[in-house]
Amino acid sequence: MKIESVKPPKAPADAGSLHKKMMMLLSSLWVTHAIGSFARLGLADVIEATPADAATIAAARGLNADRVYRLLRALTTVGIVTEGAGGQFALTPLGGLLTASSPHSMRTAAELLTEYHAEIWGELDGALAGGVAFEALKGQPMFDWLHANPAQGARFQRMMVEVHSPETPAIVAAYDFAASNHIIDVGGGNGSLLSAILAAHPGRRATLFDLPEGIAAARRGEGGPLPNVTLAAGDVFDVDSVPKGGDLYLCRHMLHDYDDPDARRILTSIRRAMQPGTRLLVLEKTVPTDDTPGPGRWLDLHVMLLVGGRERTVEQYSALFDESGLRLARVLPTAHPAIEIVEAVAV
């Protein structure tokens with residue numbers, strides 16, 4: 001007779017440990033806002049070149065030295081600054097991302113994520129019953145509000161550049177763009193992605209399609225050089241507005257801003273411009289259906305609160321494609337953890 005070993009049941013978690021973990025989760029708000037103030041007040045810029053004590057840092061910004069010291073002391077626990085001999089505070093490489101001069105600066109993101117982006121989370125209770133938190137807070141849809149407040153619109157665009165620019169090299173490296181002769185970027189903003197693709201694959205032809213503000217930014221060269229690129233202003237929701245003639249279409253970080261009905265409208269509009277067999281790359285991050293860690297489930301809530309949008313699983317993208325005259329072909333990973341290439345083909 002075979003006797004099978006039975007593993008003893010796990011001991012129940014210690015109540016003190018659970019309490020500690022819950023407090024860490026609940027107090028994560030404190031860390032976020034401390035980083036936001038550190039960035040917004042330009043404290044990182046003060047100590048960018050030379051470490052300094054709290055009194056010197058505070059004086060440079062007209063702040064209270066004791067309170068600045070306490071902020072800096074707290075930020076040492078999350079790797080933003082270090083405290084050396086004589087109370088001299090220095091930036092870490094992570095903290096360096098909060099300077100205005102860093103080529104990879106995330107200062108604007110730190111600011112906005114602790115301003116109205118944080119305020120909308122206070123509207124989560126109501127949003128779970130329906131509606132959009134940003135609209136409840138500001139009285140109008142986010143993109144309308146940004147258009148009506150150009151300074152805020154410019155800050156939002158800076159944040160988008162900060163957050164998404166590091167994804168661009170990973171996208172270019174992960175897909176064979178050399179096989180396409182005419183690439184059309186739908187909603188491509190200032191053209192930074194097309195600029196990177198064309199730098200890696202000279203001689204390709206491309207079209208940048210976006211709202212007039214995005215096209216104006218591209219004309220100013222904000223996204224980089226755009227050789228052989230036609231600039232076309234329009235609205236993806238207008239029937240027959242998406243340029244025809246491409247053999248590859250791009251749609252980067254657009255669909256997640258919309259609920260399923262509007263996402264289908266966008267995909268249908270793009271499909272009307274495509275010939276059968278033409279490819280569409282949806283450049284977003286899919287939500288895993290297992291317990292794989294990652295920010296996707298939290299970003300899903302954030303876009304729900306901001307604009308009523310959603311992050312999607314592969315299966316949900318496939319269903320949207322099927323309803324829009326497209327078929328899911330494959331999902332390609334990239335070297336950047338926040339972006340994948342969801343490839344669809346026109347049927």
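Helices (H or I, at least four residues) and strands (E, at least two) here are DSSP runs, numbered from the N terminus. The model is predicted, so local features need pLDDT of at least 70 and side-chain atom pairs count only at pLDDT 80 or more, while totals for chains, interfaces and linings use all residues. Residues are numbered from 1 along each chain as its sequence is written, and side-chain values use heavy atoms, leaving out hydrogens and water.

**Exercise 1. Describe how α2 and α5 pack.**

Step 1: Take the angle and the distance. Helix α2 (residues 28-40) and helix α5 (residues 65-75) pack at about 120 degrees, with axes 10 Å apart. Axes are lines fitted to C-alpha atoms, for helices over the stretch in contact, and angles run from 0 to 180 degrees between N-to-C directions.

Step 2: Name the arrangement. That angle makes α2 oblique to α5 (under 35 degrees is roughly parallel, over 145 roughly antiparallel, 65 to 115 roughly perpendicular, the rest oblique).

Step 3: Pick out the touching residues. On α2 they're Ala34, Ile35 and Phe38; on α5 they're Leu71, Leu72 and Leu75.

**Exercise 2. Now do α4 and α5.**

Step 1: The axes of α4 (residues 54-61) and α5 come within 8 Å and cross at roughly 115 degrees.

Step 2: That makes α4 roughly perpendicular to α5.

Step 3: Ala54, Ala55, Ile57 and Ala58 of α4 meet Ala65, Val68, Tyr69 and Leu72 of α5.

**Exercise 3. Which residues have the most contacts inside the largest nonpolar core?**

Step 1: Know the term. A nonpolar core is a set of buried Ala, Val, Leu, Ile, Met, Phe, Trp, Tyr and Cys residues joined through side-chain atoms within 4.5 Å.

Step 2: Among the 25 residues of the largest core, the answer is Val186, Tyr249, Ile270 and Leu280.

Step 3: See who contributes. α15 gives the most to this core, with five residues.

Terms used: Contact = heavy atoms within 4.5 Å. Buried < 20%, exposed > 50% of the residue type's maximum accessible area, 1.4 Å probe, protein only.
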